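This report covers a ligand site and the pocket around it. The structure is shown first.

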Amino acid sequence: MAEKQEKKLVGIVMGSTSDWDIMKEAAKMCRDFGIPFETRALSAHRTPEELSNWIAKMEAQGAQAIIAGAGGAAHLAGVVASHTILPVFGVPIPSKYMKGMDSLLSMVQMPKGIPVSTLAIGEAGAANAALAVVAVLALNDPEMREKLLAFRHRQVDKVKDAVIPELD
Ligand code: RP5
């Protein structure tokens, strides 16, 4: 009997394996919320055909959202969004020469018609992209809604209970 394939709800794509250090924060957050995901390094300019094939495969498998991270002239998320009507969350990767400002601007300034929901540059953006996906899934999944509320409550407790160090 063929092994039952787990449905991957989220696709996490990055322009290069060098983006993984940042993008792993999105993967960790998905894992923590028990969301099955698939990660790929595919580039809008280096592997355009493979990228469009992968998006079609993710759609066919029932994915609910795509998280796309890229650096420099970071057109990856926009290109992903042009291939699908799934919500696309973009993560600008810090770049060598412009610290990710180039990634942010090229990702966030999408012309009208094809949206990319762009998060902050770097790790926080990657983690928040996954949290945004959680919020989307929570709309129709009461269990996910409870997990998200619990996450928020834990965060409140952490801030509330934080101790400010004494002056030296
Ligand atoms: C972009 O170029 C990638 O997203 C990466 O952030 C950047 C550098 O890629 P590598 O030269 O490290 O493969 O396409």
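## Polar contacts

A polar contact is a pair of N or O atoms within 3.5 Å. The model is predicted, and the distances below are computed from it.

With G71 the backbone is involved: one of its N or O atoms is 3.1 Å from a ligand oxygen atom. The protein buries 66% of the 360 Å² that the ligand exposes when taken alone.

## Residues around the ligand

The shell around the ligand consists of G15, S16, S18, D19, H45, R46, A70 and G71. Sorted by class, this shell holds 5 polar, 2 charged and 1 nonpolar residues.

## The pocket

Where does the ligand sit? The ligand is found in the largest pocket. That pocket contains about 220 Å³ of space. Its lining is made up of 15 residues, of which G15, S16, H45, R46 and G71 are the closest to the pocket centre.

By class, the lining of the largest pocket comprises 8 polar, 5 nonpolar and 2 charged residues.

How values were computed
Residues are numbered from 1 along each chain as its sequence is written. This is a predicted model: local features need pLDDT of at least 70, side-chain atom pairs count only at pLDDT 80 or more; totals for chains, interfaces and linings use all residues. Side-chain values use heavy atoms; hydrogens and water are left out. A residue is near a molecule or strand if one of its heavy atoms lies within 4 Å of it. A polar contact is a pair of N or O atoms within 3.5 Å; within protein, one must be able to donate a hydrogen and the other to accept it, and residues adjacent in sequence count only if both atoms are side-chain atoms. Accessible areas come from the Shrake-Rupley method with a 1.4 Å probe; for residues, only the protein chains shown count as cover. On a 1 Å grid over the protein atoms alone, a cavity is a set of points where a 1.4 Å probe fits but cannot get out, and a pocket is an open set with protein on both sides within 12 Å along at least five of seven lines; lining residues have an atom within 4 Å of a point. A molecule sits in a cavity or pocket if more than half of its atoms lie within 2 Å of its grid points. Ala, Val, Leu, Ile, Met, Phe, Trp, Tyr, Cys and Pro count as nonpolar, Asp, Glu, Lys and Arg as charged, and the others, Gly among them, as polar. Grid points are joined across faces, edges and corners, and a volume is the space filled by probe spheres set on the points.
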